[in-house]
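Student: I have a model open and want to go through some contacts. Can we start with the ligand and then look at the rings?

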Amino acid sequence: MSERGKLIVVSGPSGAGKSTVVFKVMEQRGDVCFSVSVTTRSPRPGELDGREYFFIDHERFQEMVDRNELLEHATYVSNSYGTPRRYVEEKLNAGFNVVLDIEVQGARQVSEKMPDAVKIFIAPPSLEELERRLTGRGTESPEVVRGRLDRARQEYLEADFYDYLIINDDAGHAASELNAIITAEHCHFSDRAQLLRDSH
Ligand code: ADP
Ligand code: 5GP
């Protein structure tokens, strides 16, 4: 892979199905990798340290912030989350498309630092369905579910900041749309002009 990879920022309410859709795309194509964030929240049943997140304490989180080891970071419903910078840079340089699953404040920070990032908002078909998915996932208390639904309403107000919108009604269809966006982003004329010059 010689071309530099694309940075793909995916946001949307917790429970919209972002991980489900991103992991489906990773099964379909080998040039996509997922940036594992650090978080101070506790692991949910079934989550593995180093796979969904690196689970760290507040002290270590603050140390990473102070050492500028995070590309961006934010607080979400009383926990801190951040993207380790080094992995993202190494993978982009190696030609991989790197997906960040981050909330809106983090997406804005990334977009300022890396204006070429492709910003995608993934939403559920309705807030009622979001509540069903959050409850169905069975990993959050009713109070936390309420906090996440409130946060979803706030995020919708900022969704027009994104370049693309995917409605995750059917997960397979949503994954094919995400796959298509990544492919299209590699077809920009400006990225490919050299190919045309080389071809004659
Ligand atoms: P997020 O990463 O956005 O927080 P998840 O991928 O964990 O969301 O999905 C939340 C819940 O919704 C999970 O239980 C998942 O299996 C389910 N889910 C994801 N996509 C769909 C879909 N298209 N239809 C129905 N359920 C879905
Ligand atoms: P969850 O606790 O449901 O896994 O994630 C809660 C929210 O935090 C989601 O909106 C998710 O996109 C966001 N998030 C996960 N990792 C990061 C990160 O590294 N940075 C930022 N800014 N948000 C993140």
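Student: What is the distance from an oxygen atom of ligand 1 to a polar backbone atom of Ala-16?
Tutor: That distance is 3.3 Å. Keep in mind that this is a predicted model.

Student: And which side chain has an N or O atom 2.9 Å from an oxygen atom of ligand 1?
Tutor: Arg-137. There is also a nitrogen atom of ligand 1 that lies 2.8 Å from a backbone N or O atom of Asp-169.

Student: How much of ligand 1 does the protein bury?
Tutor: The protein buries 73% of the 570 Å² that ligand 1 exposes when taken alone.

Student: How many residues surround ligand 1?
Tutor: 14 residues, and the closest are Gly-15, Lys-18, Ser-19, Thr-20 and Asp-169.

Student: Rings now. How many aromatic pairs does a search of the whole structure find?
Tutor: Seven. In one of them, Phe-121 and Tyr-162, the ring centres are 5.3 Å apart and the planes are at 55 degrees, so the pair is tilted.

Student: Where do Phe-121 and Tyr-162 sit in the chain?
Tutor: Phe-121 is in strand E8, while Tyr-162 is in the loop between helix H6 and strand E9.

Student: Is Tyr-162 buried or exposed?
Tutor: Tyr-162 counts as buried because its relative accessibility is 9%, under the 20% cut-off. Phe-121 is buried too.

Student: What does Tyr-162 do with Phe-161?
Tutor: Those two form an edge-to-face pair, 5.2 Å centre to centre with 80 degrees between the planes.

Student: Which charged end sits over the ring of Phe-161?
Tutor: That of Arg-108, 4.4 Å from the ring centre.

Technical notes: Residues are numbered from 1 along each chain as its sequence is written. Chains are lettered from A and ligands numbered from 1 in the order in which they are written. This is a predicted model: local features need pLDDT of at least 70, side-chain atom pairs count only at pLDDT 80 or more; totals for chains, interfaces and linings use all residues. Side-chain values use heavy atoms; hydrogens and water are left out. Rings of Phe, Tyr and Trp (its six-membered ring) pair if their centres lie within 6.5 Å; planes under 30 degrees apart count as stacked, over 60 as edge-to-face and the rest as tilted. Helices (H or I, at least four residues) and strands (E, at least two) are DSSP runs, numbered from the N terminus. Buried means under 20% relative accessible area, exposed over 50%, partly exposed in between (1.4 Å probe, protein chains only). A charge sits over a ring if NZ of Lys or CZ of Arg is within 6 Å of the ring centre and within 35 degrees of the ring normal. A residue is near a molecule or strand if one of its heavy atoms lies within 4 Å of it. A polar contact is a pair of N or O atoms within 3.5 Å; within protein, one must be able to donate a hydrogen and the other to accept it, and residues adjacent in sequence count only if both atoms are side-chain atoms. Accessible areas come from the Shrake-Rupley method with a 1.4 Å probe; for residues, only the protein chains shown count as cover.
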